[in-house]
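Me: I am new to this structure. Please show it, and then I will ask what the terms rest on.

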Amino acid sequence: MFTGLFLELKEAGVPVSLREYLDLLAATQAGVADQSVDDFYYLARTALVKDERHLDRFDRVFAHVFRGLEKPEGEETTAEIPEEWLKKLAELNLSDEEKEAIEAMGGWEKLMETLKQRMEEQEKRHQGGSKWIGTAGTSPFGAYGYNPEGVRIGQDGNRNFSAVKVWDKREFKDLDGEVEINTRNIKVALRRLRRFAREGAATELDIDDTINSTAKNAGWLDLKMVAERHNAVKLLLMLDIGGSMDWHIRACEELFSAARSEFKHLEAWYFHNCLYENVWRENIRRHRQTTPTWEVLHTYPSDYKLVLVGDASMSPYEIAVPGGSVEHFNEESGETWLRRVLQVYPKAVWLNPVPQERWRYTGSIGMVHEIMDGRMYPLTLEGLDDAMRELS
Amino acid sequence: MRFQGTETYVTTDDLSVSVNAAITLERPLLIKGEPGTGKTVLAAEIAKALGKNLIDWTIKSTTKAQHGLYEYDAVARLRDGQLGDERVKDVANYIRPGKLWEAFTADETPILLIDEIDKADIEFPNDLLQELDRMEFYVHETHQTVRAERRPIVIITSNNEKELPDAFLRRCFFHYIKFPDAETMAQIVEVHFPSIKQRLVAEAMRVFFELRDVPGLKKKPSTSELLDWLKLLMADDISPDALRSQEAGTVIPPLYGALLKSEQDVHLLERLAFLHRRERG
């Protein structure tokens, strides 16, 4: 009956199954929705969506199926971007020269006004050229362009590879460990790191010991309790985020999600490109709340095992030279910082999502590889397996 | 059996559709939402509205699925055996029924609340799949099957601390309680304090929503905190003008302890207030 809705939901990436669809039909038949559209919408939502992250997607599919509106999540995603937001973004990121260049064009107000006008004029997808909004042109509007007056619209993350100065502020996605797709294999690999230990309150009956001591006690019951077994391995996870890592975000999310459920003592920190004097916990707040790396080194004792995750693809300056970071002025070079953490945590590996056969094409990977004493592994199941063997 | 909210609980349309779907199809209903939006209270209110018994199973990090079914007290039996107690001959004497057993064998359809299911171990929901699906389980010690004559109405709440397995989610209906908008909030306040002074409420709500907008708060005040705060304001007989004179977000509201639960948040607000005063001064 509502097969269209069901199929489109599946296509839009909402995880729906036949069982849920049958539930919806059964509930409709039982008269829960009372033939009102609103009630049916609520019913379909409660039966088919099981995660608040998918609510928005569901809404858009529902609107499309039942009102024939525009299809969601096409090739070209159009979104309304509030002017304030664009403005703020630019103010934060533009250098003085770039701001001057914008002034030359008539200032922000002018730029935004023109943008609005063109948005209205433009109806079709557009690529190239120098006036319309679209991709890869020299118009100030659109993505993938190199015009310093440009405004980036509807582009997925970063396109440049070895940027010496990254142009726009990337809206990094937080790897919040909430993605539970296909993490089972990773969990199995991580299992190699298990070190069970009994810690904490004694809550389990120790049968062997009880029998033993009862026998010694001439048959009088003598209960022995032990603590439950927990995985006692402590893991310090440091993840590169943003920039060229955008391609690997899925693999990293899966790894992080698996690690979080596997280890009780898991501390995760983020850095960008290379490790410097500051790291942060939540990517959304990275510009306000950073933690000095020194503090991290002092907080977690050296029995923590260190796992660095990153593509190590950057300009060599970012590793070798003080002040080489793309985002701030670092007083000590990335190499100094990397060697420092390796000294504190002797058990350490670097996981690299870039396929191993491509490592030799990027100079910085070789540099990191050398700093890590060869303990760099590809982020594949075999690589993970090897890495865990190295750590254990 | 239809649930339409109660005198003390304001429900939105979508919530009552979810609840009714769960009741009609006899499926568990999974409730998520911001803390303090009334997830746990919902089960009690459904019980009240439908005149059913509420069986409350609160989950802790050490809770095992088996605890909900039954527990076999081997230690007590061993001791009794040593003391030569007659009871020891029947193993059934040492089987302690859990909350699910209680719900399955109740005389009248009960409401079973499984509160904060995400607190338990990651395998916990999986261990309950069959039991919640077929509403029956097998007791190995006594070779008996406990089967629900009347399927209980199951309400499950989660705070999203752990991801729930897909197989489990497929068997539930799901509802996410949004933070109420100003209008619904006014209804909620009206339900809880029918005689409260209109102006006080208006001022308090303004302060409350502005406070929620302060960026960077660790824990935004929620509905339950607003209700507590109003209770305090009424008890202290604070006048609406006292609230009005505050520019919320710039000066700490009176009796803020009910709204802000962390020291950092209070500091943040004080700092904002200080900056604001300096700007003006």
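Reply: Chain A has 15 helices and 11 strands. This is a predicted model, in which local features need pLDDT of at least 70 and side-chain atom pairs count only at pLDDT 80 or more, while totals for chains, interfaces and linings use all residues. Residues are numbered from 1 along each chain as its sequence is written, and chains are lettered from A and ligands numbered from 1 in the order in which they are written.

Me: What makes a stretch a helix or a strand?

Reply: Both are DSSP runs, numbered from the N terminus: a helix is H or I over at least four residues, a strand is E over at least two. B:A74, for one, is found in helix α4 of chain B.

Me: Why is B:A74 called partly exposed?

Reply: A residue is buried if 20 or more other C-beta atoms, placed from the backbone, lie within 10 Å of its own, exposed if 12 or fewer, and partly exposed in between. B:A74 has 13 such neighbours inside 10 Å, so it counts as partly exposed. In chain A, buried residues make up 30% of the 392 residues.

Me: How do you know which residues of chain B are in contact with chain A, and how many are there?

Reply: Two residues are in contact if their C-beta atoms, placed from the backbone, lie within 7 Å. On that basis 24 residues of chain B are in contact with 26 residues of chain A. The elements of chain B giving two or more residues to this side are α1 (13-25), α4 (74-83), α8 (166-170) and β9 (173-177). The largest share, eight residues, comes from α1(B).
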